[in-house]
Each structure stands twice: as C-alpha cells, then as structure tokens.
Amino acid sequence: MPNPIVRWQIIAPEPARTAAFYRDVFGWELSAANSMGYRELRTGSESAAPVDGGVWPSPPGQPGFVQLFIEVADLDRCIAKANELGAKTLVPKSILPDGDSMAVLLDPTGISFGICRLAGKRPNPKGPGDVRGSV
C-alpha cells in the first residue's frame, strides 16, 4: 500500500508574510478562508495529484522549518510503529474541522514530519481524478 506525500507545511515566525512571499514568487493561490485561519497555498499543478501546502505560525522565538505530511491507512498503527522505532509524538492524533486526522512526530534523528488520514476524496480542481491517492 503506498504512503504518498500529500501535503507540505511551512512553520514560520511570520506566517502572513511568508505565505505572501511564496504566493508572489511562484504565483500560487493563497487562501485563509478556513476555520483555523491556516494559510493554504495551492501550487496550480496540472498533475493528477498536485501536492499543495500551507503556512502555520511557529512557536514564539522558534525558527521556521518545513514539514512533509504522509498519508497512511491507519494513523494509530503508524504512530505506534514509529514510536517503536524510536520516534517521539510531538502532536498527538487530532481530528481537524474538515474531518481529516493528523499527528506530528519527531524521527530518531530529530526531524519532524506529519502523518495524516484524509477523510474523503476531494476532486482535483485542475482536472479529473482524485488528488489523494488510494490509501
């Protein structure tokens, strides 16, 4: 079963400024029209499975960084397996307002990454198909 990278996230001290920078440099579509004020960036990719992302505020006094989100079939099982292999859970499993679930882990070398289970299929606005894969 594949575990595709389905999203990326920039954690930034100045999220509005950071999101505007990437919008302006690459011509990406920027929207914060969601219940959490998350700054979503759509890359406008013509591929069948575009990988979009967004910008979230970093904790006060912390530097920015990039996280990848990997879709998994069973979030609880993936968290347990990662922890058995030396990972630490930074953000426990959470259900988001859109129904997706996610967690953030720290690998044994200190790199954070997200895992998610997407609630439903969202059609690709640029063309036919499912942007989420078949996990």
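**Helix α2**

I began with the packing of α2 and noted that its buried residues are in contact with β6 (88–95), β7 (101–106) and β8 (112–117), contact being taken as heavy atoms within 4.5 Å. The model is a predicted one, in which local features need pLDDT of at least 70 and side-chain atom pairs count only at pLDDT 80 or more, while totals for chains, interfaces and linings use all residues. Residues are numbered from 1 along each chain as its sequence is written, and side-chain values use heavy atoms, with hydrogens and water left out. Helices (H or I, at least four residues) and strands (E, at least two) are DSSP runs, numbered from the N terminus.

Which residues of α2 are buried? I found L75, I79 and A82 within the helix, which spans residues 75–84; buried means under 20% relative accessible area, exposed over 50%, and partly exposed in between, with a 1.4 Å probe and protein chains only. These three lie on the same side of α2, because they cover an arc of only 70° around the axis, the arc being that of the directions from the helix axis to the C-beta atoms. On the face turned away from that buried side I listed the exposed residues R77, K81 and E84.

I then checked both ends of the helix. At its start, a side-chain oxygen of D74 comes to within 3.2 Å of the backbone nitrogen of D76, and just after α2, G86 adopts a positive phi of about 105°.

I next followed the pairing around β3, where two strands pair if DSSP finds at least two bridges between them. Strand β2 (residues 29–31) runs antiparallel to β3 (residues 39–42) over three bridges, and E29 has R42 in β3 as its bridge partner. β3 is also paired in the antiparallel sense with β4 (residues 53–57), over three bridges, with E40 standing opposite G54 in β4.

**P63**

I looked up P63 in the loop between β4 and β5 (65–71), and it counts as exposed because its relative accessibility is 56%. Where does the chain come back to P63, leaving aside neighbours within four places in sequence? P63 is in contact with I11 and S58, and its C-alpha atom is separated by 6.9 Å from that of A12, 51 residues apart along the chain.

**Salt bridges**

My search of the whole structure returned six salt bridges, each a side-chain nitrogen of Lys or Arg within 4 Å of a carboxyl oxygen of Asp or Glu. One of them joins the side chains of R7 and E40 (3.7 Å, N to O); this pair links distant parts of the chain, with R7 in strand β1 (residues 5–12) and E40 in strand β3, 33 residues apart. R7 is partly exposed at a relative accessible area of 24%, and E40 is partly exposed at 24%.

Another is formed by R42 and D52, whose closest N and O atoms are 3.3 Å apart. R42 lies in β3 and D52 in the loop between β3 and β4, so the pair ties together parts that are ten residues apart in sequence. I noted R42 as partly exposed at 37%, whereas D52 is buried at 11%.

I also recorded K93 with D76, the closest N and O atoms being 3.1 Å apart; here K93 in strand β6 is linked to D76 in helix α2, 17 residues apart. K93 is partly exposed at 40%, and D76 is partly exposed at 44%.

Note on methods: Polar contact = N/O pair within 3.5 Å; in protein donor to acceptor, adjacent residues only side chain to side chain.
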